[in-house]
Every structure is written in structure tokens, then in C-alpha cells.
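Open the model in your viewer and keep the selection tool at hand. We will go from stop to stop, picking residues and looking at what surrounds them.

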Amino acid sequence: MTSKILILLTALAALASAQQKKDAGPPVLTVQQVKPGLFEITGAGANTEVRVTRDSLIVVDGKLPGEQIYNALMQQIGSIGKLPVKTLIVTQHHEDHAGNNDRFLAAGVKVLAHRNQLRDLATYKVEHVPALPNETYSGGSHTVKEGGVTVQLYHFGRGHTDGDSVVYFPDLKVIALSDLITVGSTGPRADYEGGGSFVEWPAVLEKVLKLDFDTCIPGAGDILTKADVAAFKVKMDTLVSRAREAVRSGVPKDQLMAHIRTDDLGWAPRLASVDPFYAELQKTAPQK
Ligand SMILES: [Zn+2]
């Protein structure tokens with residue numbers, strides 16, 4: 001009886017979800033000014049940033065894949081300024097950030113990302129793998145100069161993935177941190193298949209905090225302050241040290257995540273499998 005009810009509930013849920021998709025209509029995107037010359041567009045994937053230069057628009061992250069989403073995004077970008085988009089910076093390879101790489105490329109836009117994203121995309125398992133960026137940088141930093149504006153990209157190591165770029169707008173003292181930070185009860189996710197690492201993540205945030213900024217745009221959620229980034233780093237430090245201590249004290253792999261206390265952090269870390277996390281903890285905290 002119970003299983004029949006469960007099947008019925010599952011079927012109803014699937015129906016409701018299909019109906020929701022059908023009724024979804026055009027994607028709802030909203031634009032707001034972060035600081036003069038810098039805008040944020042929310043909805044339909046990760047937050048998108050638009051930096052206005054003298055003669056172009058520099059866009060950061062192009063949202064989930066889809067013609068409707070791309071068109072809605074371009075409409076919002078067009079409302080910011082009647083200038084051509086010359087560069088799309090892609091902060092990571094996941095489809096909520098890189099989903100429309102192909103459409104930007106087709107429009108003649110330079111799609112710029114860290115070199116590691118080429119490898120991340122080659123092993124990325126989704127239905128529509130985003131198109132490869134047509135310009136990459138390797139090493140720790142890259143400067144974009146357009147129309148009198150400088151945008152600084154930093155790759156500080158492994159965190160959410162191994163191809164994350166931190167986008168710094170030095171004259172405005174703003175950073176776009178992508179999913180190297182999460183907001184509210186959404187826990188951080190280390191994509192180990194995409195080269196991510198919880199253990200190395202805090203060192204990335206330490207380097208971020210050395211930059212001179214007062215405003216941080218996360219990959220998802222509301223705009224943050226530098227103090228919010230510092231507080232998030234403390235939580236990441238706490239998470240990793242608790243996990244390390246658990247492994248050191250002999251907590252078996254299958255009990256690790258249940259063993260790590262997270263109620264005071266306000267979120268739980270997200271990961272597809274505990275194996276790579278446990279392995280890197282063992283490497284850095286050998287058992288006594
Ligand atoms: Zn991501």
C-alpha cells in the first residue's frame with residue numbers, strides 16, 4: 001500500500017513538474033546597478049555581470065543554455081547600453097555559467113576562460129556540454145583592457161572547480177567570486193570531477209581577501225561585502241579542520257559527512273561522492 005502511494009505521489013510530482021516547465025514562459029531576468037558602470041543580471045542560471053567601457057560591454061557568465069534565455073539576456077544587456085559585447089568572461093565550466101558559450105561565439109564575441117576549463121569541459125557529463133572558450137589564459141592571472149577599463153582575472157587554485165576565475169574590477173573595488181562563495185543556507189559544492197577541492201578552497205579565499213574590494217557578487221544570491229567573504233572563509237576553515245580531525249581520529253569514510261558538525265555553519269557542504277574528499281584529507285592528515 002505504502003509503495004503504491006509513493007508511486008502515485010512520484011507520478012503526480014512528475015506531472016506537476018512537466019506542467020510547470022510548460023507554463024514557465026520566457027525566462028525572467030532582472031538587471032540592477034552594482035556601482036556606476038557595473039551591472040548585475042539575475043535569473044536563469046548564475047548571476048551575470050556587465051561592465052560598461054567607453055566603446056564596449058564586458059560580460060561575465062552567460063547563464064543556462066537556451067535560445068530564449070540567451071535572447072532575454074541580450075535584451076537586458078541591451079538595456080544597459082547600446083554598445084557591442086566584445087568579451088564574455090566565463091568563471092567556470094558549469095552550464096549555469098557557460099551554457100550559452102556557443103551563442104556568444106556565433107555572435108563573434110571572444111569567450112575567455114582559464115585554460116583548465118578546456119579539460120573540465122572535455123570530461124563534463126551533461127546533455128549539452130558548453131562550447132569551448134576560444135581564448136584561454138594559464139597561470140594565475142590575466143588582464144583584460146577594453147575601452148579605458150581594466151578587468152583583472154585571477155585563478156587562485158582549486159576550489160569549486162580547478163578552472164575558477166575570480167573577476168576583479170579594481171577601479172570599482174568589486175569582485176565577482178562565482179561559486180567560490182555561497183549565500184544563505186546553500187552550502188559550498190566542490191566539483192571533484194571538475195578538479196574542485198574543499199581542502200584547497202580556503203587558500204583561494206585567503207588570496208581573494210588580499211585584494212582591495214568592498215563589494216562581492218556571488219555566483220548565486222544577493223550582493224555581499226568583504227566581511228561576508230571573510231566570514232565565509234572562517235566557515236570553510238572550520239569545515240576543513242573538522243573533517244581533517246575526523247579522519248585523523250579514524251572516522252571511517254562512510255560516516256565522515258554525518259560526523260562533521262555543520263549546524264553552526266548554517267549550511268552543509270555539497271559533493272557527489274565522499275571518496276575524493278576523504279582521500280585528500282588522508283593525504284594532508286595521516287592517521288596517527
Ligand atoms: Zn558551478
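Start by selecting Asn 116, which sits in helix 5 (residues 116-122); helices here are DSSP runs of H or I with at least four residues, strands are E runs of at least two, and both are numbered from the N terminus. This is a predicted model, where local features need pLDDT of at least 70 and side-chain atom pairs count only at pLDDT 80 or more, while totals for chains, interfaces and linings use all residues. Residues are numbered from 1 along each chain as its sequence is written, and side-chain values use heavy atoms, with hydrogens and water left out.

Now show what surrounds Asn 116. Leaving aside neighbours within four places in sequence, Asn 116 is in contact with His 155, Asp 162 and Gly 163, where contact means heavy atoms within 4.5 Å.

**The zinc ion**

Next, select the zinc ion. Which protein atoms are its donors? They are OE1 of Gln 92, ND1 of His 94 and NE2 of His 160, at 1.9 to 2.1 Å from the ion. Donors are N, O and S atoms within 2.8 Å of the metal (3.2 Å for Na, K and Ca); water is not among the atoms, so sites may look incomplete. Along the chain, the donors follow the spacing Q-x1-H-x65-H. Gln 92 and His 94 are both buried, that is, under 20% relative accessible area, with exposed meaning over 50% and partly exposed in between (1.4 Å probe, protein chains only).

Jump to Ala 72, in helix 2 (residues 67-80). Is Ala 72 buried or exposed? Ala 72 counts as buried because its relative accessibility is 13%. Leaving aside neighbours within four places in sequence, Ala 72 is in contact with Pro 27 and Leu 29.

From there, pick Ala 44, whose C-alpha atom is 9.5 Å from that of Ala 72. Ala 44 lies in the loop between strand 2 (38-42) and strand 3 (48-52). Its phi is near 55 degrees, a positive value in a residue other than glycine. Most residues other than glycine have a negative phi.

Colour helix 7 (residues 226-248) and helix 9 (residues 275-284): their axes come within 9 Å and cross at roughly 75 degrees. Axes are lines fitted to C-alpha atoms, for helices over the stretch in contact, and angles run from 0 to 180 degrees between N-to-C directions. Show the side chains: Val 240, Ala 243, Arg 244 and Val 247 of helix 7 meet Phe 277, Tyr 278, Leu 281, Gln 282 and Thr 284 of helix 9.

**The largest core**

Finally, select Leu 177, Val 208, Leu 256 and Phe 277, the residues with the most contacts inside the largest nonpolar core, which has 37 residues. A nonpolar core is a set of buried Ala, Val, Leu, Ile, Met, Phe, Trp, Tyr and Cys residues joined through side-chain atoms within 4.5 Å. Helix 7 gives the most to this core, with eight residues. Zoom in on Phe 277: not counting residues up to four places away in sequence, Phe 277 touches several residues, including Tyr 192, Ala 243 and Leu 271.
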